[in-house]
Amino acid sequence: MGESKSKSLSPRELFIKYAKNGEILLNQCTKCNNIVLETVYYCDKCFAKTFKQMPYKGKGKVVTYTIQSVVPEGFEDANSYAWVIFKLDDCDVNVSGFLPDISSPSDLPIGTKIKVVDFHDNHGLILQKD
Ligand SMILES: [Zn+2]
C-alpha cells in the first residue's frame, strides 16, 4: 500500500502494458549499456544482473519468419499466421511475435515494416503490417 501502481506490476505485466501501447519494454545493462529482452535475467555481454527498463517503439523490419497453417487457440478467425522475428528500428534487438493472416511468402517479404499492436496471453506479441 502507498506504492505507485506501476511498482506493483510484475516485469511481465509491465511488458504487456507497454506492448498494448505499441511499445517494447527492454532492459539496458547498467554496467555496459547492452540492451536485452525484458525476459532475460542477465546481460549476455558482461553477465551483470542490474538493468534499467527502457521503452522502445514497437516498430521494426521482418528478419525472418515461419508460416503456420495450424491456427492456435484464440485465433480461430485467422486463416493462417506467421511467427515473425523482427529487428527493432530504434535499437539492435530482435523480437518475435505473431502476425495473423499471412498465408504465403509473397504476403510478407523480408524487410516488411511491422509494428506491435497488442499482447495475447498465450501467444505473446501481436503484430500488424505498418
Ligand atoms: Zn552488460
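Visitor: Where is Asp-77 found?

Guide: Asp-77 is in the loop between strand 4 (59–68) and strand 5 (81–88). Strands here are DSSP runs of E with at least two residues, helices are runs of H or I with at least four, and both are numbered from the N terminus. This is a predicted model, where local features need pLDDT of at least 70, side-chain atom pairs count only at pLDDT 80 or more, and totals for chains, interfaces and linings use all residues. Residues are numbered from 1 along each chain as its sequence is written, and side-chain values use heavy atoms, with hydrogens and water left out.

Visitor: Why is Asp-77 called exposed?

Guide: Exposed means over 50% relative accessible area, buried means under 20%, and partly exposed lies in between (1.4 Å probe, protein chains only). Asp-77 has 71% relative accessibility, so Asp-77 counts as exposed.

Visitor: And Ser-80, buried or exposed?

Guide: Ser-80 is also found in the loop between strand 4 and strand 5. Its relative accessibility is 7%, so Ser-80 counts as buried.

Visitor: What does the side chain of Ser-80 reach?

Guide: The backbone oxygen of Ile-102, at 2.7 Å. A polar contact is a pair of N or O atoms within 3.5 Å; within protein, one must be able to donate a hydrogen and the other to accept it, and residues adjacent in sequence count only if both atoms are side-chain atoms.

Visitor: Which residues form the negative surface patch?

Guide: Glu-73, Glu-76, Asp-77 and Asp-101 form it. Patch residues have over 30% relative accessible area and no salt bridge, and like charges are joined within 9 Å. Asp and Glu count as negative.

Visitor: What makes Lys-20 and Asp-118 a salt bridge?

Guide: The rule asks for a side-chain nitrogen of Lys or Arg within 4 Å of a carboxyl oxygen of Asp or Glu. For Lys-20 and Asp-118, the closest N and O atoms are 3.0 Å apart. Lys-20 lies in helix 1 (residues 11–20) and Asp-118 in strand 7 (residues 113–120), so the pair ties together parts 98 residues apart in sequence.

Visitor: Why is Lys-20 called partly exposed?

Guide: Lys-20 has a relative accessible area of 47%, so it is partly exposed. Asp-118, at 30% relative accessibility, also counts as partly exposed.

Visitor: How many salt bridges does the rule give?

Guide: The count comes to four. Among them is Lys-59 with Asp-130, whose closest N and O atoms are 3.5 Å apart. Lys-59 lies in strand 4 and Asp-130 in the segment after strand 8 (124–129), so this pair ties together parts 71 residues apart in sequence.

Visitor: What joins Lys-59, Lys-115 and Asp-130 into one network?

Guide: Lys-115 forms a salt bridge with Asp-130, with the closest N and O atoms 3.8 Å apart. That pair links strand 7 to the segment after strand 8, 15 residues apart. Salt bridges that share partners join Lys-59, Lys-115 and Asp-130.

Visitor: Why does Asp-130 count as partly exposed?

Guide: Asp-130 has a relative accessible area of 44%, so it is partly exposed. Lys-59 counts as partly exposed at 34% relative accessibility, and Lys-115 does at 24%.

Note on methods
Patch = residues over 30% accessible without salt bridge, like charges linked within 9 Å, V, L, I, M, F, W, Y side chains within 5 Å. Areas by Shrake-Rupley, 256 points an atom, 1.4 Å probe, with all protein chains shown as cover. Charge placed at Lys NZ, Arg CZ, Asp CG, Glu CD.
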